[in-house]
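Student: Hi! I'd like to go through this structure with you, starting with its side chains.

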Amino acid sequence: MSNEKAGANLPRILVVDDEAAIRRFLRTALDTGEFSLHQAENGHAALAAAVAIKPDVILLDLGLPDMDGVEVIRRIREWSQVPILVLSVREREDDKVKALDAGADDYLTKPFGIGELTARIRVTLRRSMQQVPEPVYRINELEVDLPRRRVTVRGEEVQLTPTEYELLRLLVTHAGKVLTHSQILRQIWGVAYVEQPHVLRVNISNLRHKIETDPSRPRYILTEPGVGYRLRDTP
């Protein structure tokens, strides 16, 4: 474990990967003066670093030599809500779902572009610095006023059912973050509905028809195939 940049006021990024080449690559790519970089080569080192460094974001590989990355996520989530961005070669949908359900905030499959990685880091940092959700969510032509429970598109109020509104509110309060099918079903309908994804699909479809200009090409509620949904948080 090492600390390449000691800027006290910079966001602390903990890179967890057992491959030295990947750690060197990320150190070089992220060594822009924007972050304070730290590294761990296995799960146990990552858990120790999470306590000692108190990172602002963790970049975590799942294929660690001493424990699975999903277990690392679970252990960290026992005491911390630090944002965790998974970087992994695992492309299977169930691997992504397991990591996100365990508490990961986002998931990038290797190989990935550095531009996309840094953008995801910035979004994650921006979201984590907000102590409470913004009271009014605005993006393009959509506005969701949480205190007033009011949704408008192009200035026109949209009538939502109570369930549709709660679904949209959940997405708004986690804008930019992937929510898995089971996470959404558990939050909106309860544990008994976790194995009934069709309920979610129907309500997402109905919601899109009310807020999207073209529901077949949604601009706001984005699908993560086989995993869940993400509400766009940038124009």
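Tutor: First, a term: a polar contact is a pair of N or O atoms within 3.5 Å; within protein, one must be able to donate a hydrogen and the other to accept it, and residues adjacent in sequence count only if both atoms are side-chain atoms. This is a predicted model, in which local features need pLDDT of at least 70 and side-chain atom pairs pLDDT 80 or more, while totals for chains, interfaces and linings use all residues. Numbering starts from 1 along each chain as its sequence is written, and side-chain values use heavy atoms, leaving out hydrogens and water.

Student: Got it. Which side chain makes a polar contact of 3.1 Å with E224?

Tutor: That's R230, whose side chain is joined to that of E224 at 3.1 Å. The side chain of R230 also has a polar contact with D106, at 3.4 Å.

Student: Where does R230 lie?

Tutor: In strand β12, residues 228-231. Strands here are DSSP runs of E with at least two residues, helices are runs of H or I with at least four, and both are numbered from the N terminus.

Student: And is R230 buried or exposed?

Tutor: R230 counts as buried because its relative accessibility is 10%. Buried is under 20% relative accessible area, exposed is over 50% and partly exposed is in between (1.4 Å probe, protein chains only).

Student: What else does R230 touch?

Tutor: Leaving aside residues up to four places away in sequence, its neighbours include R120, G176, K177, V178, Y220, I221 and L222, besides D106 and E224. Touching, or contact, is heavy atoms within 4.5 Å.

Student: New topic: helices. How do the axes of α2 and α3 cross?

Tutor: Helix α2 (residues 43-53) and helix α3 (residues 69-77) have axes that come within 10 Å and cross at roughly 25°. That angle is why α2 and α3 are described as roughly parallel to each other.

Student: Which residues meet there?

Tutor: From α2 you have G43, H44, L47 and A50, and they meet V72, R75 and I76 of α3.

Student: Which parts of α2 are buried?

Tutor: G43, A45, A46, L47, A49, A50 and I53. Their cover includes β1 (12-16), β2 (36-40), β3 (57-60) and α3.

Student: What happens at the start of α2?

Tutor: A side-chain oxygen of N42 comes to within 3.2 Å of the backbone nitrogen of H44. Just after the helix, K54 has a positive phi of about 50°.

Student: What about α3 and α4?

Tutor: The axes of α3 and helix α4 (residues 93-102) cross at roughly 15° and come within 8 Å. Here V70, I73, R74 and R77 of α3 meet K98, A99 and A102 of α4.

Student: How accessible are N140 and R149?

Tutor: N140 is partly exposed, with a relative accessible area of 44%. R149 also counts as partly exposed, at 48%.

Student: Last one: where is there a cis peptide bond?

Tutor: Look at the bond from K110 to P111, where omega is near -5°. P111 belongs to the loop between β5 (106-109) and α5 (114-129).

How values were computed: Axes fitted to C-alpha atoms, helices over the stretch in contact; angles between N-to-C directions. Parallel < 35°, antiparallel > 145°, perpendicular 65-115°, else oblique.
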